[in-house]
Amino acid sequence: MNTTPAARAIPFFNYRGAFSSMEEELVTIFRDVLTRGAFIQQKDLVDFEANLARYLGVRHAIGVGNATDGLVMAFRAAGIRAGDEVIFPSHTMVASPAAAAHCGGIPVPVDCGPDHLIDPAAVERAVTPRTRFILPVHLNGRSCDMDAISAIADRFKLTIVEDAAQALGARFRGRLAGTWGVAAAYSFYPAKTLGCLGDGGAVVTNDDAVADQIRMLRDHGRDAAGDVQMWGFNSRLDNLQAAILDHQLRSYDAAVSHRRNIAAIYQAELAGVAALHLPPVPDADHFDIFQNYEVEADRRDDLRAFLQSLSIGTVIQWGGKAVHQHGGLGLTASLPATDRLFARCLMLPMNVMVTEDDARYIAARIREFYQS
Ligand SMILES: *Cc1c(COP(=O)(O)O)cnc(C)c1O
């Protein structure tokens, strides 16, 4: 407590570090894949898909170009029709509702709760006779209350497609985020908890027919024999990225555990700061993987500028706007809880390159800010 840790620059995410920390291993993987000339839909993709499916305990994991495409294909495979309303939390990346819109769906934004996740009561209020899907987003590495969401889906006969882009390995009441709905998409964008060196994603499902559809959709509508069965996309996970991901998956649990340690340090060191509302602490119902550490802060913009002056990077998620606040999208919902949140939310550095000492240093600077 009395010791002042030495000053240091802490970027929000160190993109170059993502490569250099694993340079030797990565070069070995590049050489191996490149000398085999194995670029598209080869063994490394098949292996990664099998290992990811095993990790998640699902029947099918299908590598795709990115999570956004994954959601589009999941909606298609789940039988979305033009005019179907899709309920989603406005505190998400625009990619989630965009996927529904590209399938002719009507995205219906709803508010989030104090945990920054979709509010089940708001979902229930938004149901109309045209509602067909709920798109919960397991934001920041914490699972939504999937018992409540599933109960609403059962009652109104709605289909759940999960945006699990930020939640690989998160659990609610012991069950993994991404395994509740008909299908879920994960993202391997570099800054995600399991990140590749470019774009990548996966769709998972336990439904054989849905899996068959997605395997065809991602590859020009072609079946295993190469016959075109439908209009498809080109959205395959590159074999080289799959090889990198397969390698990283082996140490993924250690990466998650590091993030949980960093979160525990922020929690312990910032709990006494009345000007902050900290993210929920993992409890008996939640195993959180801390994709992000998103706080609510009084004088948020001043705090952010102060940290920036010390070369500590922070980010306001989604460029500072919830989806319904983007006027160009024509969404007219009034979402007071989300509006309040976006005036206060801020993400602190949270990734495997942030050390425990860094986290203590950042917390000490934040305490200083509010004491002065
Ligand atoms: C990153 C992200 C996406 C999009 O993932 P891509 O792989 O970049 O398409 C979608 N939803 C959420 C919540 C995300 O964080």
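Modeller: Helices (H or I, at least four residues) and strands (E, at least two) are DSSP runs, numbered from the N terminus. Residues are numbered from 1 along each chain as its sequence is written. This is a predicted model, where local features need pLDDT of at least 70, side-chain atom pairs count only at pLDDT 80 or more, and totals for chains, interfaces and linings use all residues, while side-chain values use heavy atoms, with hydrogens and water left out.

Colleague: OK, which residue does I87 stand opposite in β4?

Modeller: That's I134. Strand β2 (residues 85–89) runs parallel to strand β4 (residues 131–134), with three bridges between them.

Colleague: And how many bridges join β4 and β5?

Modeller: Two, again in the parallel sense, with β5 spanning residues 159–163. F133 has T159 in β5 as its bridge partner.

Colleague: Switching to the ligand: which residues come nearest?

Modeller: A67, T68, D163, S187 and K192, out of 15 residues around the ligand. "Near" is a heavy atom within 4 Å.

Colleague: What lies 2.8 Å from a ligand oxygen atom?

Modeller: A backbone N or O atom of A67. From the side chain of S187, an N or O atom is 2.7 Å from an oxygen atom of the ligand, and for a polar side-chain atom of K192 the distance to a ligand oxygen is 3.1 Å. A polar contact here is a pair of N or O atoms within 3.5 Å.

Colleague: How much of the ligand does the protein cover?

Modeller: 94% of the 380 Å² of accessible area that the ligand has on its own, by the Shrake-Rupley method with a 1.4 Å probe.

Colleague: Which elements give two or more residues to the shell?

Modeller: α4 (67–77) and α5 (95–102).

Colleague: And how does the shell divide by residue type?

Modeller: Six nonpolar, seven polar and two charged. Ala, Val, Leu, Ile, Met, Phe, Trp, Tyr, Cys and Pro count as nonpolar, Asp, Glu, Lys and Arg as charged, and the others, Gly among them, as polar.

Methods
Polar contact = N/O pair within 3.5 Å; in protein donor to acceptor, adjacent residues only side chain to side chain. Pairing = 2+ DSSP bridges.
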